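Have the sequence and the structure open side by side.

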Amino acid sequence: MKDFAAIDFETANGTRSSVCSVGVVVVRGGEVCDTFYSLIRPTPNYYAHFCQAVHGLCDRDTRHAPTFPEVWAEIAPRIAGLPLVAHNARFDEGCLKAAHDAYEMPYPGYRFYDTLAASRRAFGRTLPNHQLHTSAAACGYNLHNHHHALADAEACAMIALKLL
């Protein structure tokens with residue numbers, strides 16, 4: 001796979017529509033050609049302690065951030081016609097669908113590929129786990145700033161370039 005967009009969402013709480021940040025890495029011809037990151041005012045707009053502990057974001061960070069429809073208006077043209085790639089795609093695809101539903105936006109039916117599944121196929125039991133940072137390291141990529149949506153999307157893109 002040489003043309004795709006890697007995407008990662010962070011959520012504010014246990015509701016999939018509560019995306020509070022997004023990172024996107026666009027790859028064309030096997031090369032990163034565009035990146036995008038934004039904070040998002042989540043819906044519902046509250047932060048669960050567990051989520052804050054994972055990514056460090058809180059209400060203070062997103063209180064004045066754009067809403068999902070505003071952010072998606074910037075992302076959609078960048079990824080038009082591309083398959084999407086995510087590590088544990090079920091989560092990120094679920095977030096994307098839930099956010100579209102929450103704002104009553106039509107969902108375009110993006111096709112997702114999963115680097116978590118690809119890592120499990122490629123590395124099997126040779127890795128202690130298939131978490132993003134472990135899979136990225138196995139592909140020769142050192143993930144810095146784990147759980148920052150853009151950093152995670154970059155790691156996912158590197159895994160996809162090696163394994164998909």
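How many of the eight residues of strand 1 (residues 4–11) are buried? Eight of the eight are, so strand 1 is largely enclosed by the rest of the structure. A word on the model and the terms before we go on. This is a predicted model, in which local features need pLDDT of at least 70 and side-chain atom pairs count only at pLDDT 80 or more, while totals for chains, interfaces and linings use all residues. Residues are numbered from 1 along each chain as its sequence is written, and side-chain values use heavy atoms, with hydrogens and water left out. Buried means under 20% relative accessible area, exposed means over 50%, and partly exposed lies in between (1.4 Å probe, protein chains only). Helices (H or I, at least four residues) and strands (E, at least two) are DSSP runs, numbered from the N terminus.

Next come the partners of strand 1; two strands pair if DSSP finds at least two bridges between them. Strand 2 (residues 19–28) runs antiparallel to strand 1 and is joined to it by eight bridges. To find your place in this pairing, look for Thr11, which stands opposite Val19 in strand 2. Strand 4 (residues 84–86) runs parallel to strand 1, with two bridges between them. Here Ala6 stands opposite Val85 of strand 4.

Let's follow the backbone into the loops. Most residues other than glycine have a negative phi, and most peptide bonds are trans. In the loop between strand 3 (31–39) and helix 1 (49–55) you will find Pro44, which is joined to Thr43 by a cis peptide bond with omega about 0°. Asn88 sits in the loop between strand 4 and helix 4 (89–102); its phi is positive, about 70°, although it is not a glycine. With 34% relative accessibility, Asn88 counts as partly exposed. His147, in the loop between helix 6 (132–138) and helix 7 (149–163), also has a positive phi, near 75°. His147 is partly exposed too, at a relative accessible area of 28%.

Which charged side chains meet in salt bridges? A salt bridge here is a side-chain nitrogen of Lys or Arg within 4 Å of a carboxyl oxygen of Asp or Glu, and by this rule there are three. One of them pairs Asp34 with Arg78, whose closest N and O atoms are 2.7 Å apart. This pair links distant parts of the chain, as Asp34 is in strand 3 and Arg78 in helix 3 (residues 68–79), 44 residues apart. Asp34 is partly exposed at 24% relative accessibility, and Arg78 is partly exposed at 28%.

Asp59 and Arg63 form another salt bridge, at 2.6 Å from N to O. Asp59 is partly exposed with a relative accessible area of 30%, and Arg63 is partly exposed with 44%. Finally, visit helix 4, where Lys97 and Glu93 are four residues apart, which means they are separated by about one helical turn. Their salt bridge has its closest N and O atoms 3.5 Å apart. Lys97 is partly exposed at 38%, as is Glu93 at 21%.
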